[in-house]
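Subject: Structure handover

Hello,

Here is the structure we talked about handing over. Please open it first, then read on.

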Amino acid sequence: KYLVSNLPTLATMSHRPAASIALHAIVFPSLSNTEEKNSSYASAVESIRKALEKAEACNPGLTHEFVDKVLELSQAQGGDDLTEKLLRGAALEVDLYRFNTSTDELKCLAECAQALKVILSSIPDEVANRTKFLGIIRQIAEAIKAMLDAVNSLAAKNADLIASRVEELQQQRKTFVRGSKKFSDTLKQYFKDSKKDNLFKSAHRLVNETNSLLRTVKEAL
């Protein structure tokens, strides 16, 4: 049964790890590049990383909006939408979301999360083919259920490993459930209005919520 909770306070969110493809797969690698080219920037780059992490944790999606604005000129000249680009790359491995799969439950969670992200990343390529897309929708529903089962199994059988973050994990699970429901609602709306942008944004949010679960587990280990 899906659980519903009150939205977290700003104070709670500020201590929750951020999960953002835009931040961790675009901005952070760019910062690392800059740091590698000139080691004198190391301190400044680290300060920027910490500031961006805190800002993203308190305002999920902030980095995406920032990068989107930076690329606005490119998009106006015919470039792909940023959300679509990020969704296509949703299955890419990001170190901040990877953890040591020392138990069967941890391995199962990592595999279920990756499977869900792979399916979500296929949406831009499959959405135009109604028959294939309906098949993708069924796979997504199954992958979401598998993801929730994996989280529940981890909480039940590896309680000692995640004890330091158990409350955060439960909150992230509820956020994931809400995101899944919103994605389902967006799908229904898509079949009425055919607006791909809203569908891609909803899928991208679900990817970030999946990564939030993974990062919370990683910080607990």
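Below is what was found in it, from the whole chain down to single residues.

Please keep in mind that this is a predicted model.

**The chain as a whole**

The chain has 11 helices and zero strands. The chain has 221 residues, and 43% of them count as buried. Its accessible surface is about 12,100 Å². Carbon and sulfur atoms hold 52% of that surface. Now take the contacts in the chain with a separation of 6 or more: 75% of them join residues 24 or more positions apart.

**The core**

In soluble globular proteins, nonpolar side chains tend to be buried together. Here, the largest nonpolar core has 52 residues. Those with the most contacts inside it are Leu109, Leu120, Ile123, Phe133, Ile140 and Phe183. Which helices supply at least two residues each? They are α2, α6 (82-88), α7 (104-121), α9 (130-157), α10 and α11. The largest share comes from α9, with 11 residues.

Phe133 deserves a look of its own. Leave out residues up to four places away in sequence, and Phe133 still touches Ile123, Glu126, Val127, Leu187, Tyr190, Phe191 and Leu199.

**The cavity**

The structure holds one cavity of 30 Å³ or more. About 30 Å³ of space lies in the largest cavity. Its lining is made up of Ile21, Ala25, Gly89, Ala90, Leu92, Val94, Tyr97, Lys117 and Asn211. By class, that gives six nonpolar, two polar and one charged residues.

**Two single residues**

Start with Pro29. It lies in helix α2, which spans residues 21-37. Is Pro29 buried, partly exposed or exposed? Its relative accessible area is 37%, so Pro29 is partly exposed; the range for that class lies between under 20% for buried and over 50% for exposed. Beyond its neighbours within four places in sequence, Pro29 is in contact with Leu23 and His24.

Then turn to Ser194. Most residues other than glycine have a negative phi. Ser194 is not a glycine, yet its phi is positive, about 60°. Where is Ser194 found? It sits in the loop between α10 (166-193) and α11 (196-220). Ser194 is exposed because its relative accessible area, 51%, is over 50%.

Best wishes

Notes:
Residues are numbered from 1 along each chain as its sequence is written. This is a predicted model: local features need pLDDT of at least 70, side-chain atom pairs count only at pLDDT 80 or more; totals for chains, interfaces and linings use all residues. Side-chain values use heavy atoms; hydrogens and water are left out. Helices (H or I, at least four residues) and strands (E, at least two) are DSSP runs, numbered from the N terminus. Buried means under 20% relative accessible area, exposed over 50%, partly exposed in between (1.4 Å probe, protein chains only). Contact means heavy atoms within 4.5 Å. Accessible areas come from the Shrake-Rupley method with a 1.4 Å probe; for residues, only the protein chains shown count as cover. On a 1 Å grid over the protein atoms alone, a cavity is a set of points where a 1.4 Å probe fits but cannot get out, and a pocket is an open set with protein on both sides within 12 Å along at least five of seven lines; lining residues have an atom within 4 Å of a point. Grid points are joined across faces, edges and corners, and a volume is the space filled by probe spheres set on the points. Ala, Val, Leu, Ile, Met, Phe, Trp, Tyr, Cys and Pro count as nonpolar, Asp, Glu, Lys and Arg as charged, and the others, Gly among them, as polar. A nonpolar core is a set of buried Ala, Val, Leu, Ile, Met, Phe, Trp, Tyr and Cys residues joined through side-chain atoms within 4.5 Å.
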